[in-house]
Each structure stands twice: as C-alpha cells, then as structure tokens.
Amino acid sequence: MRTLNNLAIWMLCLTAFATTLTASATSFSDMAVEEVSYLLSEAASAKDAATKITHLNAAPVPVVVNAADIIGKVYGVIDPALSKGECKANARRLIGLNPTEEADVLWLDSDLGFRLNYSGMLPELSAMARYSGAGATDYGYFFLFPYNKGGKDECGNSQAQFCGALLQEMHDMGLPMNLNTASEDLFEAIGDYNGSMVDVRLLDEPSAETEGAGRYILILSVEPNAFTAADLTAAN
C-alpha cells in the first residue's frame, strides 16, 4: 500500500530534485530500476528483429501532444478502448510506424523515429500498450534522459523541466496527483484520471559500464478503469 501526501508537497520535492540532482533510486508501479532496465532492453531486442518491424516513413514527424493526450491515449493519439489490431492500424495511419509486437505488448520507441513533442521538448522514449481481450489493459511511456560523465546536472535540469511542466499541466486540468512517500524512487505520484489509475515515477539508472554516466527514466503508466480509493490510503 502507499503513503501519500498532496501535490504541493510533491512540487516541493520536484524543486529539490532539480537543484540537488544527486538522489538515487533502487526501485512501472512496483518494478525496481533493474527490472525497468531489463524490460527496456527486451523491448529493444524485439524491435531489432527485422520480421517484426516496418518503417512506413523515412522520418516520422513528432506527435504534438499535451498532458491529456499522453494520459488519455496510447502513443498520445490512439483510443485505449480500441483492440490491439485497431491500435496497430491507427499507429500506421496516424504516426507512420508499425509498433513492435512482443507477446501481448505493442511498443514504439525513438529508435524507430517515434517522438512526442510536449511543449517543445522531445525526449527519447519507449511507449507501450498491453492488450488482453478488447482494449488496452494498461499503457504508458518510458521517457529517457541519458547523461554522460560530468553531464548529470544538465540532464537533471532537462528532466526536471519536463517533469515539472507535465505535472503542473496535470494539476491545472484538475487531475489530483499525490506523492507516495514510501517509494524509494526519486519520486512517485499517483492519481485518478476519469477512473483510470495514473502512476508517475522518476528513476535514476547509473551505467554499469561507465562511471558517472547513466540515465533518468520517467515512467508514466495508466491502467484504464482501475483506480480505487484504496490507492490513496495511508499505509505501508
């Protein structure tokens, strides 16, 4: 269970992250950073299989989105109530890319040319949608902010700007987000969007090969029609 405070406290925490940029996270809603890294590497492996991917455009145009698009639509443009086949067809039509299919999950990422333009910011990302029966059971985004040795502060400022703008717009649109104070992540905020569970987490994944390098991973996941009052219960 989660221990939660209000958005104001979360915003104070975000300001602290933007200035210190030295916090570390050891731990998608309950996945540790190592599990997130493995998930992304597995998605990349599936993407590299030539039989699983087709580029329809040489240079797909970034999809211009706002917070409601990101939260309410798969890949920022597709109704999550549509089937997996309909999602694939709409991705080809609207984005110009075929998603990578791995079991029941459809992926699009920046290596394929997929980008979201949010307030002029275009971070690297992987976007996923999981299907079981009709409609997406969950979907989300892994926004990636890689840094080299000596460049963590600059990268941290970039991710803080993106996170701050996104959370502020979510607040302005009346989406109540609350801080999970029990999380070991840099932050985790949880909220309700028209009955859907929205979970936003920021992780710091140090590089295993290069000292001082790594990446921030901002995970925004949505579970349609899954939010309950118990998600805001103060408990460990």
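Is I190 buried or exposed? I190 counts as buried, at 0% relative accessibility, where buried means under 20% relative accessible area, exposed over 50% and partly exposed in between (1.4 Å probe, protein chains only).

This is a predicted model, in which local features need pLDDT of at least 70 and side-chain atom pairs count only at pLDDT 80 or more, while totals for chains, interfaces and linings use all residues. Residues are numbered from 1 along each chain as its sequence is written, and side-chain values use heavy atoms, leaving out hydrogens and water.

**View 1. The whole protein, for orientation.** The protein has five helices and eleven strands; these are DSSP runs numbered from the N terminus, helices being H or I with at least four residues and strands E with at least two. Of its 236 residues, 48% count as buried. Its accessible surface comes to about 10600 Å², with 51% belonging to carbon and sulfur atoms (Shrake-Rupley method, 1.4 Å probe; for residues, only the protein chains shown count as cover).

**View 2. I190 and strand β9.** Here we return to our opening residue: I190 is found in strand β9, residues 187-193. P176 is 14 residues from I190 in sequence, and the two C-alpha atoms are 8.1 Å apart in space.

**View 3. Helix α5 along its length.** Helix α5 covers residues 152-172, and its 21 residues reach 30 Å from first C-alpha to last, close to the 30 Å expected at 1.5 Å a residue (the expected span is 1.5 Å times one less than the number of residues). Among its buried residues are G156, A160, L166, L167 and M170. C155, also in the buried set of α5, has a relative accessible area of 8%. After the helix comes G174, whose phi is positive, near 85 degrees. While we are looking at a cysteine, a search of the whole structure finds zero disulfides (pairs of cysteine sulfur atoms within 2.5 Å).

View 4. The structure holds seven aromatic pairs. One of them joins Y118 and F162 edge-to-face, with 5.6 Å centre to centre and 70 degrees between the planes. Rings of Phe, Tyr and Trp (its six-membered ring) pair if their centres lie within 6.5 Å; planes under 30 degrees apart count as stacked, over 60 as edge-to-face and the rest as tilted. Because Y118 lies in strand β5 (residues 116-118) and F162 in helix α5, this pair ties together parts 44 residues apart in sequence.

View 5. Seven salt bridges are found in the structure (a side-chain nitrogen of Lys or Arg within 4 Å of a carboxyl oxygen of Asp or Glu). D204 pairs with K152, their closest N and O atoms being 2.7 Å apart. D204 is buried at 2% relative accessibility, whereas K152 is partly exposed at 21%. R201 forms a salt bridge with D185, with 2.5 Å between the closest N and O atoms. R201 lies in β10 and D185 in the loop between β8 (177-180) and β9, so the pair ties together parts 16 residues apart in sequence. Both R201 and D185 are buried.

**View 6. Further charged contacts.** D138 and R130 meet through their side chains in a salt bridge of 2.8 Å, N to O. D138 is buried, at 12% relative accessible area, while R130 is partly exposed at 28%. Elsewhere, K84, K88 and E101 are linked in a network of salt bridges.
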